[in-house]
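I opened this notebook to record what I looked up in one structure.

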Amino acid sequence: MTARLLFQQTEERKQWGPFQIKVRRIISVRKVRRILPWCIIIAALLLLLIFKDIEINKTSNLHVKRSVSRSLNTKTYNSDYSQSQLIINKWIHVKEDYYVYSAYWEYRKTPSFVRIIAIGPKKPINLTTFSCLLKYNNGSIKRSDINYKFIPEDHDKKHISLFFYCKASDIPERVALTSTKQNATHWIKVALTEPVKGNEIWQSNIAVCVRPFFGEFPNNNLQLAEFIAYYQIMGVQHFTFYDYKAKNSIKLLLNASIDGGMPISLFPWNLPTDVRDAWDYGHLANIADCMYRYAKTHKYVVIVDIDELILPQQNISLMDIIKTYNSSWSTLLFRNTFFSLDLPDDPEVKNATIPLTILKKTLHFTPMEPYLRTKGIVLPSKVEIPGIHFTWKSIDNSKTITAEPTFAKLHHYRHRGNKEKPVIRDQTAWRYSDRILKSDPIKIWKNLTIS
């Protein structure tokens, strides 16, 4: 070796040590140039994933207590979040394939009790294998008598939505359904359902409940934005959705809407795999949870799907529809009318910039008979067991009323084929198109790049 090389190696040992010198020799300038582009690409992808995860999973004040104001014409409705609307529930395993989700205080019955919303096998239940525990604010725990009732609409599935009843003379803070084979006790917060007496705001409040999300919607969720915009125009104060397996694009749209001040809640619906066959991903349990969740703060609850709009023939709000039927009812139903997506688009809107469903689809079939696929508005204070298409049981035998389709009907936008006759053209929904196109939900949808 030359003296120059020996001097260089000596200086390197002083500065770096033997191990670092070996590393430096292995990594040549040529190799660095070769791997540098890949390092940059990988780093960029990691940053993109981190950013997108933050966007999707940010809390967005989903359940932060706030006051919400929405106006319809000149009247303003206000709604304060209640304790029940702030509770974040999840499905809890009790035994075998029995699961519980949420709990609500039943004040209308004597004796009073806690109602637990659950899913389990469709077979008689041996109640001696279950135990109900009540926890009170002072720390005391009591054991309670227990009973159950199935929600009848099961569509011949193996598992069914049901209620467990835990008898209680006083309102507990929490409840737990346990089994003799279970070691852990999972407490559920008991939510109140009795409205505050003399609460005038409650009298005018309307909430919308939608079945659990799975998958995504066409046109980058335009249908979802259109749905929210329409029911806001119609006077709804709060929207509640449940996340079963919603695509990230849906979460981005809802999070952006909530950040924009819209009264929307998105609750988890982590339905376990072994009871996933319960009809429509536990739709009956979902409806019951949503109805009872808003019983304290909203006098009326609208039970519909994303592709369903309750639409009056006159230019009036949902509250105007409700006031038309001033008798003692618990459920107001609207006859299902299919506006088939398989029928041709209205020729007058071929070049619409934003292809709203209500603009495109104006051909419909004859309204179906009452109770066949109907959807409606319920009074939680008078309903005990809600259903998808009608109420299964009301308090004090309150009656169900079905609106005449000449007054208001359910516009149901879905694939239905084109074989049914006759086909009728109805552009009534067009009266809302300008307001929908100028609405905040549509503006947010336009500003989002949803993949």
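The entries below go through these topics in turn.

**Basis.** I worked from a predicted model, in which local features need pLDDT of at least 70, side-chain atom pairs count only at pLDDT 80 or more, and totals for chains, interfaces and linings use all residues. Residues are numbered from 1 along each chain as its sequence is written, and side-chain values use heavy atoms, with hydrogens and water left out.

**Disulfides.** I searched for disulfides, meaning pairs of cysteine sulfur atoms within 2.5 Å, and the structure holds 2 of them. One joins Cys 132 to Cys 166, with an S to S distance of 1.9 Å. Its torsion about the S-S bond is about 110°, so this disulfide is right-handed. Because Cys 132 lies in strand E6 (residues 130-135) and Cys 166 in strand E9 (residues 159-167), the pair ties together parts that are 34 residues apart in sequence. I took helices (H or I, at least four residues) and strands (E, at least two) as DSSP runs, numbered from the N terminus. Cys 132 is buried at 0% relative accessible area, and Cys 166 is buried at 0%. Here buried means under 20% relative accessible area, exposed over 50%, and partly exposed in between (1.4 Å probe, protein chains only).

I then turned to Cys 209 and Cys 290, whose sulfur atoms are 2.0 Å apart in a disulfide. The torsion about their S-S bond is about -85°, so the disulfide is left-handed. Cys 209 lies in strand E12 (residues 206-209) and Cys 290 in helix H7, so the parts tied together are 81 residues apart in sequence.

**Cores.** I looked for nonpolar cores, which are sets of buried Ala, Val, Leu, Ile, Met, Phe, Trp, Tyr and Cys residues joined through side-chain atoms within 4.5 Å. The largest has 62 residues, and Phe 227, Tyr 231, Phe 241 and Leu 318 have the most contacts inside it. Helix H5 (residues 218-233) gives the most to this core, with 9 residues. A second, separate core of 35 residues includes Cys 209.

**Backbone.** Most residues other than glycine have a negative phi, and most peptide bonds are trans. I noted a cis peptide bond between Thr 110 and Pro 111, with omega about -5°. Pro 111 is in the loop between strand E4 (98-106) and strand E5 (113-121). Asp 280, not a glycine, has a positive phi of about 50° and lies in helix H7 (residues 279-293). Tyr 371 has a positive phi of about 75° and counts as partly exposed at 39% relative accessibility.
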